[in-house]
Amino acid sequence: MSPALPTGGPTRGRAIDGKAAAAALREKVAEAAREFSRKALRKPGLHVVLVGEDPASSVYVGAKEKALNAAGMTGAVHRLPTDTSEGDLLGLVRKLNSDPAVDGILVQLPLPSHLDEAKVLDTIDPAKDVDGFHVVNAGKLAVGKDALVPCTPAGCIRLLKAERGDLSGLHAVVIGRSNIVGKPMAQLLLAENATVTIAHSRTRNLPELAKTADILVAAVGRPEMVKGDWVKEGATVIDVGINRLPPAEEGGKGKLVGDVAYDEAAKHAAAITPVPGGVGPMTIAMLLANTLAAAHAREGFEAPSL
Ligand code: NAD
């Protein structure tokens, strides 16, 4: 009897290095920002508005401030007290809208509950809306016009294209339909000619559906919801989720995990983004890229290729 052939069991997928990809993009942005400053005789300007003292938001805003200085941009963080009135906040946004030195305006979400997020976002000049949340930018993205695109899905697409090259005809399943991640992610995948399915909390047979995906994007906010047996062999998995597990011990900080059970999923995927170190670092890099794009558009310069 001849010996049994090796069965070639599942191999471990490669971790997609979002940190390295983000560092490479930030370097390109910094070079293009220097070139912009030479031509426009000013630096690209990004202004961030933070209302209140949400600890996670403060950390994100601090990271954005550091990144914008490192990229050779200028700007400021406007820290407003929690009880800021809607009138005062809208007044600041309008002031930034009309300031010629300001290319990008980002109002950090979530806002305290007495403030109307939609109203605040709609007040930002769409040409300066570097978060890409204004309805004008969402609409442009939906009809395939040049738009400022939300940073997180834009970062995911960049990782995917670096990973898979042409996405044309691949089946992408996006789990999550938020305006910030899921919907723009689906639009961007469509623009790359992928076949796109959007799944959400009412989707039936989600594990079976996910298993048909060549590209599986999880943007849900549920720790390790996507299990290994939801992942097709050889798929590319993009985990957008950032979830902090309860602290293991009193006073300890809970572990950070994504929406995908990484170790299980990596046994089936060809490549997968880890949490942390995958999608997260790309978000700030794309914010800088959007600020640079907005600055070029406002000066009438050709968009830099990044
Ligand atoms: P959201 O709460 O606005 O949307 C979650 C989506 O998940 C909803 O559309 C909902 O329909 C869907 N959903 C909920 N439960 C589900 C279930 N059981 N099955 C299938 N779908 C379900 O969240 P969001 O703003 O889109 O963010 C999603 C995750 O991504 C969060 O963990 C968030 O922290 C993270 N995030 C990360 C970055 C980053 O920079 N890496 C940026 C934004 C958001």
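This is a predicted model: local features need pLDDT of at least 70, side-chain atom pairs count only at pLDDT 80 or more; totals for chains, interfaces and linings use all residues.
**The whole chain**

The protein chain holds 10 helices and 11 strands. Its C-alpha atoms fill a box of roughly 80 × 50 × 35 Å along the principal axes. How does the radius of gyration of the protein chain agree with that of a compact globule? For 306 residues, such a globule would have a value near 19 Å, and the chain has 21 Å, which agrees.

**Around the ligand**

Now let's look at the ligand. There are 21 residues around it, and Arg177, Ser178, Arg222, Val240 and Thr283 come nearest.

| Residue | Part of the residue | Ligand atom | Distance |
|---|---|---|---|
| Serine 178 | side chain N or O | oxygen | 2.5 Å |
| Arginine 222 | side chain N or O | nitrogen | 3.1 Å |
| Serine 201 | backbone N or O | nitrogen | 3.3 Å |

On its own, the ligand has 860 Å² of accessible area, and the protein covers 72% of that.

**Rings and a charge**

Finally, a word on aromatic rings. How many aromatic pairs does a search of the whole structure find? The search finds one. A ring also meets a charge: the charged end of lysine 39 sits over the ring of phenylalanine 301, 4.5 Å from the ring's centre.

How values were computed. Residues are numbered from 1 along each chain as its sequence is written. Side-chain values use heavy atoms; hydrogens and water are left out. A residue is near a molecule or strand if one of its heavy atoms lies within 4 Å of it. A polar contact is a pair of N or O atoms within 3.5 Å; within protein, one must be able to donate a hydrogen and the other to accept it, and residues adjacent in sequence count only if both atoms are side-chain atoms. Accessible areas come from the Shrake-Rupley method with a 1.4 Å probe; for residues, only the protein chains shown count as cover. Rings of Phe, Tyr and Trp (its six-membered ring) pair if their centres lie within 6.5 Å; planes under 30 degrees apart count as stacked, over 60 as edge-to-face and the rest as tilted. A charge sits over a ring if NZ of Lys or CZ of Arg is within 6 Å of the ring centre and within 35 degrees of the ring normal. Helices (H or I, at least four residues) and strands (E, at least two) are DSSP runs, numbered from the N terminus. The radius of gyration is taken over C-alpha atoms; the globule rule is 2.2 Å times the number of residues to the power 0.38.
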